[in-house]
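The points below are grouped by topic.

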Amino acid sequence: MKRICILTLTSLLLVACATSPTGRRQLMLVSEQQAISASKVAYAQTLKPLTEEGKVDNDPALKKRVTAITERLVAQAVKMRPATAKWDWSIKVIDEPDVVNAWCMAGGKMAIYTGLIEKLHATDDEIAQVMGHEIAHALANHQAEQMSVALATSVGVAAVGVASDRPGLTVPAAAAAAALAISLPNSRTAETEADRIGIELAAKAGYDPRAAVTLWEKMAKLGGRNPPQFLSTHPSPANRLQTLKQLVPQMLPYYENKAPRPVFKL
Ligand SMILES: [Zn+2]
């Protein structure tokens, strides 16, 4: 049985490469649509205990502030990748003052934790950079890529084993992989893509690209013995700060609403 699973997995790996929306070769054991469906289940499972503990959207003013920022970002995301207009975009503010984290699942379900806003004393521009970066991961199909990595590991062997007598993934296995997709570290390549796309989304939405630099500086300062959860899922590509600083002059015209430059299309 085990050998069959491994053989199945190997053959899946051999045929499962695809080109990402950014033009890069990705390992794809699941389609984007499968990632979106599985994320819906994972999202409900993630939100349920938090809702029961009374930790969701407690502060109307903060909710309004974060919603205003993400609505502007989503408008730009849809311009960059029109297919995402039909995504079910939404944002929840999770009341966890010790958790420095944020995410956007495949399909547009987003969350930001109060710890990120409070501990970083994040400005609107910096929140826009965080959420722009998260939205960028979703736009570039990184969750399906992450799920594929999860499925190619122990979760995957189990999932393929369970699913071997019928095509497709079981819902629980797919949901587990989708939940893992936002808790596993992204590859450094994916991080670089998300930085590049995120700063552009934010600039076009009217948020200062220089805040990308201050955001990551603040995040790094929070490091040390108890690094923020966000840093464990977003490993720093080499020279992240330097690369972002180099992008700022290209992004400023968008922010300042000057003559548009060639658009980075997905
Ligand atoms: Zn990231």
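In this predicted model, Val-93 stands opposite Ile-112 in strand β5. Strand β5 covers residues 109–113, and five of its five residues are buried. The notes that follow describe the sheet, its cover and the nonpolar core.

**Sheet and pairing**
- The sheet is open, has three strands in the order β3-β5-β4, and shows mixed pairing.
- Its edge strands are β3 and β4, each of which pairs on one side only.
- On average, neighbouring strands of this sheet are turned by 15 degrees against each other, direction ignored.
- Strand β3 (residues 90–94) runs parallel to β5 and is joined to it by five bridges; Ser-90 has Lys-109 as its bridge partner in β5.
- Strand β4 (residues 102–104) runs antiparallel to β5, with three bridges between them; Ala-102 stands opposite Ile-112.
- Four residues lie between the strands in the hairpin of β4 and β5, where Gly-107 takes a positive phi near 100 degrees.

**Cover of the sheet**
- In a regular strand, side chains alternate between the two faces of the sheet.
- In β5, Lys-109, Ala-111 and Tyr-113 are buried on one side, and Met-110 and Ile-112 are buried on the other.
- Helix α3 (residues 60–80) lies across β3 and β5 and runs at about 145 degrees to β3.
- Helix α5 (residues 124–139) packs on the sheet and touches β4 and β5, its direction making about 35 degrees with that of β4.

**Nonpolar core**
- The largest nonpolar core has 74 residues, and those with the most contacts inside it include Ile-112 and Leu-116.
- Leaving aside neighbours within four places in sequence, the contacts of Leu-116 include Val-100, Ala-102 and Phe-230.

Key. Residues numbered from 1 in each chain as written. Predicted model: local features only at pLDDT ≥ 70, side-chain atom pairs only at ≥ 80, totals over all residues. Buried ≥ 20, exposed ≤ 12 C-beta atoms within 10 Å, placed from the backbone. Helix = DSSP H or I, 4+ residues; strand = E, 2+ residues; numbered from the N terminus. Pairing = 2+ DSSP bridges. Core = buried A, V, L, I, M, F, W, Y, C linked by C-beta atoms within 7 Å. Contact = placed C-beta atoms within 7 Å. Axes fitted to C-alpha atoms, helices over the stretch in contact; angles between N-to-C directions.
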